[in-house]
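Visitor: Hi! Could you walk me through this one?
Guide: Happy to. Let's take a look together.

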Amino acid sequence: MSALIRAQGGAGHMRNVAKAQPSASCRPPDTAVLLLEWWDRERRELPWRTPPGRVPDPYRVWLSEIMLQQTTVKAVIPFYDRFLARWPDVTALASAPLDEVLAAWAGLGYYSRARNLHKCAKLIAEHHGGRFPTGSGELVKLPGIGPYTAAAIAAIAFGEAATPVDGNIERVVARLFAVTVPLPASKPTLKSLAASLTPPARAGDFAQALMDLGASVCTPKRPSCLVCPLQTSCRAHADGLAAQLPLKPTKADRPLRVGLAFVALREDGSVLLRRRPEAGLLGGMLEVPSTEWSDALPPLDQALRAAPVHGQWWAVPGTVTHTFTHFRLELMIYRAVVPNETALTFWADPQRCQWVPRRALNSAALPSVMRKVVAHGLREQ
Ligand code: SF4
């Protein structure tokens with residue numbers, strides 16, 4: 001094992017980790033061959049996968065990849081089956097009313113994906129003759145398709161030697177090459193290392209094999225190195241680092257942002273929620289209206305001017321904290337009970353707001369940080 005050093009990033013838990021030097025011991029051809037041999041024996045059978053020797057249907061690949069964004073395979077399967085039974089091709093989906101698509105999506109979360117799915121289907125039907133573009137460079141221009149999804153569709157449906165890299169694949173690659181620069185700084189390196197492994201033929205199978213390896217063998221906490229087909233070429237395994245990689249910044253390394261959230265409760269029991277912009281953090285999800293999340297809170301009288309309704313706002317004791325990938329958030333919670341006919345202020349951005357009955361909060365598209373805020377704001381004092 002190479003000399004022990006403290007890896008870049010400076011966090012305490014990164015001590016005793018070998019220096020990040022992609023190793024020649026992980027030879028791309030060997031890795032691809034070994035992984036594909038394993039996958040031919042062990043591949044997961046999933047409803048959107050095509051049996052060996054059959055040409056994949058780009059619609060099914062696209063539909064599954066959109067559904068799988070930020071969702072587990074297990075959660076996606078019943079939704080995928082229902083969508084496919086109801087809208088068997090992209091033209092059928094494009095002809096469906098948006099409301100029906102959104103209703104069928106209910107329960108899968110991140111509703112911006114459903115809106116983009118429908119928008120993309122219409123675009124394909126109306127401007128591409130019902131056929132998906134075949135290259136990742138064209139696919140990435142379509143609504144709801146980012147670089148990962150474009151690479152996945154291009155590789156799986158069209159055989160392009162593209163390499164989709166998500167968190168699972170980053171983990172496998174960080175271990176194969178013993179990359180000890182913490183995420184997210186290591187992302188570009190991991191992406192190019194993943195690309196270096198991708199074979200010119202069977203790129204789609206290779207991408208799916210990496211996904212399966214990350215899901216079933218090279219798992220986050222306890223990688224099953226003893227049964228791994230890549231064990232002999234894995235540097236993290238050789239160095240005894242497998243379970244430690246990839247390194248992530250410790251909580252203390254993440255900057256703190258603060259804000260003030262307004263839990264407005266109407267006399268009829270409804271709570272005011274607002275839809276976040278489609279792009280960006282928690283895009284398209286519902287939130288409790290709040291001030292900007294920034295390094296420091298403005299003076300209280302100024303912060304309270306961002307309240308979504310006029311009322312008697314009072315501070316709920318305690319704060320709500322949440323850790324995102326790149327920062328920690330601490331929110332002070334203010335609460336007000338207001339009459340049913342209360343008008344929203346200009347600052348609330350009324351077009352994005354809705355009053356949601358308390359009994360419907362559980363099924364609302366609220367991310368976990370906002371569930372904490374609602375629970376804190378509504379708790380009995
Ligand atoms: Fe992951 Fe272990 Fe396989 Fe390396 S040997 S790729 S750490 S499961």
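Visitor: How much of the protein is made up of buried residues?
Guide: Of its 381 residues, 49% are buried, meaning under 20% relative accessible area with a 1.4 Å probe and protein chains only. Keep in mind that this is a predicted model, where local features need pLDDT of at least 70, side-chain atom pairs count only at pLDDT 80 or more, and totals for chains, interfaces and linings use all residues. Residues are numbered from 1 along each chain as its sequence is written, and side-chain values use heavy atoms, with hydrogens and water left out.

Visitor: Where is Glu287 found?
Guide: Glu287 sits in strand 5, which covers residues 286-287.

Visitor: And is Glu287 buried or exposed?
Guide: Glu287 counts as buried because its relative accessible area is 4%.

Visitor: Which residues is Glu287 in contact with?
Guide: Setting aside neighbours within four places in sequence, Glu287 is in contact with Leu273, Arg274, Arg276, Leu366 and Met370. Contact here means heavy atoms within 4.5 Å.

Visitor: New topic: which residues are around the ligand?
Guide: Among them are Arg175, Cys218, Gln231 and His237, each with a heavy atom within 4 Å of the ligand.

Visitor: How does that shell divide up?
Guide: The shell has seven nonpolar residues, two polar and one charged. Ala, Val, Leu, Ile, Met, Phe, Trp, Tyr, Cys and Pro count as nonpolar, Asp, Glu, Lys and Arg as charged, and the others, Gly among them, as polar.

Technical notes: Helices (H or I, at least four residues) and strands (E, at least two) are DSSP runs, numbered from the N terminus. Buried means under 20% relative accessible area, exposed over 50%, partly exposed in between (1.4 Å probe, protein chains only).
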